[in-house]
Every structure is written in structure tokens, then in C-alpha cells.
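Colleague: Please take a close look at the charged side chains for me. Begin with one pair, then go on to whatever else deserves attention. Keep it brisk.

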Amino acid sequence: MKRVAVLISGRGSNLSALIAAQDDSYRIVLVISNVEDVAGLDKAQAAGIATHVIPHNGKSREAFDGEMDVALLTAQPDIVVLAGFMRILSDGFVRGWEGKLINIHPSLLPAYKGTRVHERVIAAGEALSGASVHFVVPELDAGPVIARATVPVRPDDTPQMLADRVLEVELKLYPEALKLLAADKVALKNGLTIFKE
Ligand code: GRF
């Protein structure tokens, strides 16, 4: 059973899905938020999971990441999951957790990295969008993909409608991808995602 830490910044709907999907492949042992009083912290506490708030304000990226490393080293996770965590991580932190650090992004990566994804997808007239789970590397949203799910983009979509449709598939995709990693069925090797079965 793999020990998992989840980093959040907000409402925690992906966190809830990951909590609900826990099985004998992984257990969430710690939730860290860089923002106080967010709904995700309540969801963790309601599930009996230890929480830790590490505010980022007024700290350098390295100092903030160093505090996270201390909290993580105490909890000894095998895997660190970013779930709506809205901070860019320092290269040193990312390298320290290489192969054990994953993120979900609401686009079909490598397309539409960064922010304001749904606005840009709609403006470009895309017929499909979706979500991607990927290993985290120092370059933002550029890590090797583990799994993707697609949704249609409808002609009358607003960014919020598309975001809601993508979130629905995120909530299924993220636990599935985490279970692949927790079961050692997928790994990061030489900058590529390797599937072992
Ligand atoms: C999700 O859309 C995720 O793809 C993005 O941030 C959002 C997080 O939502 N990285 P939540 O906090 O899990 O509800």
C-alpha cells in the first residue's frame, strides 16, 4: 500500500474523488494546502486525514518548497499528488520527487498548457478537449502523460460549461492514473512514461 500526500489550493473536488477511490493500492496520509480555510481542507478533515497549511505569502519559492519538503518528509509519502495546487514548484523540489510527483491538467496535453485553458480551447474552435494526468517535470505542464480522457466541445459552450464537463472526467481519470502508479504499473524513465503491462 503506497502512502500518498495531496497538495491542494482550493475546493478539492479531485481530492474528494481520490479519497473516495482509496483501495489497497494507496492511502492518503497527508493533505497540504498553501491557502487557509479552503473547502479541500474540510473534505480531508471529514475523512480523518491529517492536514497542514503552509502559506506561501512573503516567501521565496525555495523557502516555501523547503517547508513542504519538511512536512512531506515527516509523513513519508511514496507519491505526491497535485490536485488543484496553484503554485509553480521549484526545480529542486520537482527533482527531489521525480517519478513520484503527478498532476492533473484540464486539457489534452501537450496542447493548452498553462492557465485560461477553456477560453483558449473555445476560441480556437476545437472539437475536443479533456484532461491529462502527467508526471511533473520542472517545465510547467510539460511532463510525460500517464493518462488522458476526452470530452466534446459544444458550439454553445461557455468556458464554465466546458470546465464542468472536463472536471467530470477528471474525477474518474485521476484515481485511475494514481492506481496505475501506486501498483507500479507505470513509471517515469529517461523522461518518458513507461507502462509495465
Ligand atoms: C481542476 O480543473 C484541475 O484540472 C486543475 O485545477 C482544478 C482543481 O479543482 N489543475 P479541484 O480543487 O480539484 O476542485
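Modeller: Start with Asp157 and Arg165. Their side chains form a salt bridge, with N to O at 2.7 Å. Both Asp157 and Arg165 are buried. Keep in mind that this is a predicted model.

How many salt bridges does the structure hold? There are five, and the Asp157–Arg165 pair is one of them. Two others are described here.

Take Asp184 and Lys2. These side chains also meet in a salt bridge, N to O at 3.1 Å. The pair joins distant parts of the chain, 182 residues apart. Lys2 belongs to strand 1, residues 2–8. Asp184 lies in the loop between helix 6 (159–182) and strand 8 (186–189). Asp184 has 44%. That value lies between 20% and 50%, so Asp184 is partly exposed.

Next, Arg116 and Glu119. Their salt bridge has an N to O distance of 3.7 Å. That is within the 4 Å cut-off, so the pair counts. Arg116 is exposed because its relative accessible area, 55%, is over 50%. Glu119, at 30%, is partly exposed.

Where does Arg116 sit? Its place is the loop between strand 5 and helix 5. Strand 5 covers 101–105 and helix 5 covers 117–123. Several backbone details fall in this loop.

First, the backbone rule. Most residues other than glycine have a negative phi, and most peptide bonds are trans. Now the loop itself. Phi of Arg116 is near 50°, a positive value, and Arg116 is not a glycine. Tyr112 lies in the loop between strand 5 and helix 5 too. Its phi is near 60°, again positive in a residue other than glycine. The peptide bond from Leu109 to Pro110 is cis, with omega near 10°. Pro110 is also in this loop.

With a relative accessible area of 23%, Gly114 is partly exposed. Gly114 and Asp141 are 27 residues apart in sequence. In space, their C-alpha atoms are 6.8 Å apart.

Finally, the ligand. Which residues surround the ligand? They are Arg11, Gly12, Ser13, Asn14, Gly84, Ile104, Pro106 and Glu170. In the side chain of Ser13, an N or O atom is 2.2 Å from an oxygen atom of the ligand. In the side chain of Glu170, an N or O atom is 2.9 Å from a ligand oxygen. The space that the ligand takes is the largest pocket.

Note on methods
Residues are numbered from 1 along each chain as its sequence is written. This is a predicted model: local features need pLDDT of at least 70, side-chain atom pairs count only at pLDDT 80 or more; totals for chains, interfaces and linings use all residues. Side-chain values use heavy atoms; hydrogens and water are left out. Helices (H or I, at least four residues) and strands (E, at least two) are DSSP runs, numbered from the N terminus. Buried means under 20% relative accessible area, exposed over 50%, partly exposed in between (1.4 Å probe, protein chains only). A residue is near a molecule or strand if one of its heavy atoms lies within 4 Å of it. A polar contact is a pair of N or O atoms within 3.5 Å; within protein, one must be able to donate a hydrogen and the other to accept it, and residues adjacent in sequence count only if both atoms are side-chain atoms. On a 1 Å grid over the protein atoms alone, a cavity is a set of points where a 1.4 Å probe fits but cannot get out, and a pocket is an open set with protein on both sides within 12 Å along at least five of seven lines; lining residues have an atom within 4 Å of a point. A molecule sits in a cavity or pocket if more than half of its atoms lie within 2 Å of its grid points.
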